[in-house]
Amino acid sequence: KLSPVWGSKHTGLHNLGNTCYMNSVIQVLFSLPEFISCYESPVFLDRCDLNDPDSDLKLQLAKLCHGLVSGLYSLGPDKVDEAVLKDEGSQPGIRPQMFKNLVGRGHHEFSSNRQQDAQEFYLYLLTLIERSHRNHNVPPPSNIVKFCVEDRTECAGQVRYKTRNEMFLPFNIPMDAATNISQVEEFQKRKAEVEAKGETIPKEEEVRYQIPFSSVIE
């Protein structure tokens, strides 16, 4: 079992049903110095829409940033009973309910309580961030994950190049490059035999493919 940690940049997010996909994306983005420096700025708190704060994405991101970075919502044993820490980790954590309501507003999937794909949410959130920074003197921090892709098309001796901006680079996983193929095949055979008897193999005995990252980017 992992040992609990607390303090600045060790703040947890509560799971609001099935929002681990959302929490994972938030934690990754706010581990980037550029996102922190952007939304730590008091400008988004000073110039927020006080009449409609739950519709101000920059304000909600600033609140999340301050909560995750400050450590005020990640209290250790000097503030919280040690028995509680052993069971639940740092306290009290953040419930990003207002953020979820805003980001999911008008979206059939992200407004629901169903599990979603983290990559789809990541791209959707970055799109919303870019829109919210339009006509604003602070550029969106999403620029740091943006890169240019060049497509080359050749047909009948003619070549055409086209460039586009992307914020996500997919990789094909070469399963045949695994360094433990024989062990995986042996495990799969044993798993089939066990399941045929109506039994299950303990999760800790599962054998997964081990693929060098160098094989992925070749």
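Keep in mind that the model is predicted.

I'll start with the helices. Two packed helices are described by the angle between their axes and the distance between the axes. Here, helix α4, residues 57-70, packs with helix α7, residues 118-132, at an angle of about 115°. Their axes are 9 Å apart. Which residues make the contact? From α4 they are Leu57, Lys58 and Leu61, and from α7 they are Leu128, Ile129 and Ser132. Sorted by class, that contact has four nonpolar residues, one polar and one charged.

Stay on α4 for one more residue, glutamine 60, which lies in that helix. Is glutamine 60 buried or exposed? Its relative accessible area is 3%, and the cut-off for buried is under 20%, so glutamine 60 counts as buried. As for what surrounds glutamine 60, leave aside the neighbours within four places in sequence. What remains in contact with glutamine 60 is Pro53, Asp54, Met98, Phe99 and Leu102.

Now helix α1, residues 20-29. Its buried residues are Tyr21, Met22, Asn23, Val25, Ile26 and Leu29. An α-helix has 3.6 residues a turn, so residues three or four places apart point the same way. You can look for that spacing in the numbers I just read out. The buried residues of α1 pack against α2, α4, α6 and α7.

Next, salt bridges. How many are there? The count comes to seven. I'll go through some of them.

Lysine 146 and glutamate 130 form one, with N to O at 2.6 Å. The two are 16 residues apart and link distant parts of the chain: lysine 146 is in the loop between α7 and β3, and glutamate 130 is in helix α7. Both side chains belong to partly exposed residues, lysine 146 at 31% relative accessibility and glutamate 130 at 22%.

Glutamate 206 pairs with arginine 208, and their closest N and O atoms are 3.7 Å apart. Glutamate 206 is partly exposed at 34%. Arginine 208 has 55% relative accessibility, and the cut-off for exposed is over 50%, so arginine 208 counts as exposed.

There is also a network: Asp151, Arg164 and Glu166 are joined by salt bridges that share partners. Arginine 164 is partly exposed at 33%, and glutamate 166 is partly exposed at 26%.

On to the surface. Leu169, Phe171, Ile173, Met175, Tyr209, Phe213 and Ile217 form a nonpolar patch there. Together they have about 690 Å² of accessible area. One of them, leucine 169, lies in the loop between β4 and α8 and is partly exposed, with a relative accessible area of 48%.

Last, the backbone. Most residues other than glycine have a negative phi, and most peptide bonds are trans. Where do we find a positive phi in a residue that is not glycine? Lysine 9 has one, of about 65°. Lysine 9 is in the segment before α1 and is exposed, at 58% relative accessibility. Asparagine 135 also has a positive phi, near 60°. Asparagine 135 is in the loop between α7 and β3, and at 85% relative accessibility it counts as exposed.

That is the end of the talk.

How values were computed:
Residues are numbered from 1 along each chain as its sequence is written. This is a predicted model: local features need pLDDT of at least 70, side-chain atom pairs count only at pLDDT 80 or more; totals for chains, interfaces and linings use all residues. Side-chain values use heavy atoms; hydrogens and water are left out. Patches are made of residues with over 30% relative accessible area and no salt bridge: like charges are joined within 9 Å, nonpolar side chains (Val, Leu, Ile, Met, Phe, Trp, Tyr) within 5 Å. Accessible areas come from the Shrake-Rupley method with a 1.4 Å probe; for residues, only the protein chains shown count as cover. A salt bridge is a side-chain nitrogen of Lys or Arg within 4 Å of a carboxyl oxygen of Asp or Glu. Helices (H or I, at least four residues) and strands (E, at least two) are DSSP runs, numbered from the N terminus. Buried means under 20% relative accessible area, exposed over 50%, partly exposed in between (1.4 Å probe, protein chains only). Axes are lines fitted to C-alpha atoms, for helices over the stretch in contact, and angles run from 0 to 180 degrees between N-to-C directions. Contact means heavy atoms within 4.5 Å. Ala, Val, Leu, Ile, Met, Phe, Trp, Tyr, Cys and Pro count as nonpolar, Asp, Glu, Lys and Arg as charged, and the others, Gly among them, as polar.
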